[in-house]
Amino acid sequence: MAGPGYGKRSAPGQRPRTGTDFAHLAPREAAIASYIDRLPDGSDISVKTLARTLPYGQCALRTALNRLQAAGHLRRGSECVTTDRVMLWVTRTFFSRTARDDAWWEAFERGDVPVERRERPTRSRAFALLAALGRTAPALSLSAAECAGLEPQVGEWFERGATEAEIVGALSTGLPTPVHHAASLLRRRLTDKLPPHRPAPVERSALITLECGECRAPGSPEALRGGLCGPCRGEGNTAPTGPPGAVPTGGVRERMASVRAGLVPRPDRTSWSRGRG
């Protein structure tokens, strides 16, 4: 695993894993992508670490990662992690099992990636909870018809922010002995113990900036086509790199020289402060 806050991060909205996810890649790149895909988030996927595990050298792995980047499976960048005490920029490699184009990665950096619609399950979350309730408390085993009848009530609990553990606890704790009619008992408990509406948690958008996969220079999404900046693609540097408002690289020295010129020399600070006194 990488250091805290670093390493692999899975991109959101990926399709379920299949056996043909990387069939469009060359065999070496497909094997490396399949290996990275199965690693948990936070894993160290640097070239040196991969070379100690996979049967490829560092140069081959570096080339393969760049090709995965060009194919839309990988982007390197930084993310601002906020805690109660500090804001810290950490280096991360974002990996997507599903190949994404430049427009998708641009939306990902903005934080407005569209959520893909998934097929509706044959049974709802509420029905599944009721059907499995007998495993926790055998006295509460229900028929399919009884689960369907209680399904709307359990669904209302979910809409109010209750978790599965809270619902199971409310239904199965302190049962009478014996339970004569499980469905009637559960219907009564679902009504009497219905919790109040809970406010939805406030989602905090992550601050992310992407970097060139070759020279690691930060840049806007439109300037990093295929994950590479213009100079690394062999083009002229027509657009400034870096976040909006950043000082161009060529102007940093001039800016610092002008700031130093306005500072009061250390030997003169005491006399200068006395004169103002």
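Start with helix α9: its buried residues pack against α6 (133–136), α7 (144–159) and α8 (164–172). Buried means under 20% relative accessible area, exposed over 50%, and partly exposed in between (1.4 Å probe, protein chains only). Helices (H or I, at least four residues) and strands (E, at least two) are DSSP runs, numbered from the N terminus.

This is a predicted model: local features need pLDDT of at least 70, side-chain atom pairs count only at pLDDT 80 or more, and totals for chains, interfaces and linings use all residues. Residues are numbered from 1 along each chain as its sequence is written, and side-chain values use heavy atoms, with hydrogens and water left out.

**Helix α9**

Select residues 182–192, which make up α9. Ala182, Ala183, Leu186, Arg189 and Leu190 are its buried residues. They sit on the same side of α9, because they cover an arc of only 130° around the axis. That arc is taken from the directions from the helix axis to the C-beta atoms. Now turn to the face away from the buried side: Arg188 and Asp192 are exposed there.

Contact means heavy atoms within 4.5 Å.

Next, show the largest nonpolar core, with 21 residues. A nonpolar core is a set of buried Ala, Val, Leu, Ile, Met, Phe, Trp, Tyr and Cys residues joined through side-chain atoms within 4.5 Å. Leu142, Val154, Ile167 and Leu186 touch the most other members. α5 (125–131), α7, α8 and α9 each give two or more residues to this core. α7 gives the most, with 5 residues. Another core, of 17 residues, lies apart from it; Ala30, Ile32, Val47 and Leu61 are among its members.

**The rings**

Select Phe94, Trp104, Trp105 and Phe108: ring pairs link them into a cluster. Rings of Phe, Tyr and Trp (its six-membered ring) pair if their centres lie within 6.5 Å; planes under 30 degrees apart count as stacked, over 60 as edge-to-face and the rest as tilted. Trp104 and Trp105 are edge-to-face, 5.1 Å centre to centre with 90° between the planes. Both are buried. Trp105 and Phe108 are also edge-to-face, at 5.6 Å and 85°. These two lie 3 residues apart in helix α4 (residues 102–110), about one turn of the helix.
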